[in-house]
Amino acid sequence: MTDIAKSIKAINPNAEFSVNAEDYNQITWLNGTTPISKSDILAKQTELQTAYDNNKYQRDREIAYPSIQDQLDMQYWDKVNSTTTWQTAIAKVKSDNPKG
């Protein structure tokens, strides 16, 4: 779950506050920051978590792709040898990690 502080900052990037123990009842609003309701914070948490969950395939692909150095090497040798090694490698990552 997305933490309270991240959710508050997503609603109001200039908010100044402290949160104790991830407890909605222990948020202290500082320096005149207008308090944000618990329901608004919860709604933002849900929104941020949904966005995070929906992009899992991107995180999975990021670690599955060959390094940039390896990709450039594949592209060079594909051009020299008229092969499709790079395209095949990228297509495999995408098929192994489909969009949600």
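Residues are numbered from 1 along each chain as its sequence is written, and side-chain values use heavy atoms, with hydrogens and water left out. Because the model is predicted, local features need pLDDT of at least 70 and side-chain atom pairs count only at pLDDT 80 or more, while totals for chains, interfaces and linings use all residues.

Helices (H or I, at least four residues) and strands (E, at least two) are DSSP runs, numbered from the N terminus. Helix α1, residues 4–11, packs against helix α2, residues 38–54, at an angle of about 100 degrees, and their axes are 9 Å apart. Here an axis is a line fitted to C-alpha atoms, for helices over the stretch in contact, and angles run from 0 to 180 degrees between N-to-C directions. The angle makes α1 roughly perpendicular to α2; that label covers 65 to 115 degrees, whereas under 35 counts as roughly parallel, over 145 as roughly antiparallel and the rest as oblique. On the α1 side, the contact (heavy atoms within 4.5 Å) is made by I4, K6, S7, I8, A10 and I11, and on the α2 side by D40, I41, K44, Q45 and L48. Sorted by class, this contact of α1 with α2 holds six nonpolar, two polar and three charged residues. In this sorting, Ala, Val, Leu, Ile, Met, Phe, Trp, Tyr, Cys and Pro count as nonpolar, Asp, Glu, Lys and Arg as charged, and the others, Gly among them, as polar.

Which residues of α1 are buried? They are I4, S7 and I8, where buried means under 20% relative accessible area, exposed over 50%, and partly exposed in between (1.4 Å probe, protein chains only). Seen down the axis of α1, the buried residues fall within an arc of 100 degrees, so they line one face of the helix; the arc is that of the directions from the helix axis to the C-beta atoms. The cover over these buried residues includes β1 (17–19), β2 (27–29) and α2.

Two of these names return in the largest nonpolar core, whose seven residues are I4, I8, A15, F17, I27, I36 and I41. Such a core is a set of buried Ala, Val, Leu, Ile, Met, Phe, Trp, Tyr and Cys residues joined through side-chain atoms within 4.5 Å.

Y52, D53 and N54 of α2 meet K56, Y57 and R59 of α3, a contact with two nonpolar, one polar and three charged residues. Helix α3 also holds D60, which is partly exposed, with a relative accessible area of 24%. Between D60 and L72 there are 21 Å in space, C-alpha to C-alpha, and the two are twelve residues apart in sequence.

The axes of α4 (68–81) and α5 (85–96) come within 7 Å and cross at roughly 140 degrees. The two helices are therefore oblique to each other. Q71, M74, Q75 and D78 in α4 meet T85, W86, Q87, A89 and I90 in α5, and by class this contact has four nonpolar, four polar and one charged residues.

Finally, the loops. Apart from neighbours within four places in sequence, T33 is in contact with N12, A15 and E16. N12 is 21 residues from T33 in sequence, with 9.3 Å between their C-alpha atoms. N14, in the loop between α1 and β1, is exposed at 65% relative accessibility, and its C-alpha atom is separated from that of T33 by 8.2 Å.

Most residues other than glycine have a negative phi. N31, although not a glycine, has a positive phi of about 50 degrees. N31 lies in the loop between β2 and α2 and is exposed, at 66% relative accessibility. S82, also not a glycine, has a positive phi of about 55 degrees. S82 sits in the loop between α4 and α5 and counts as exposed at 69% relative accessibility.
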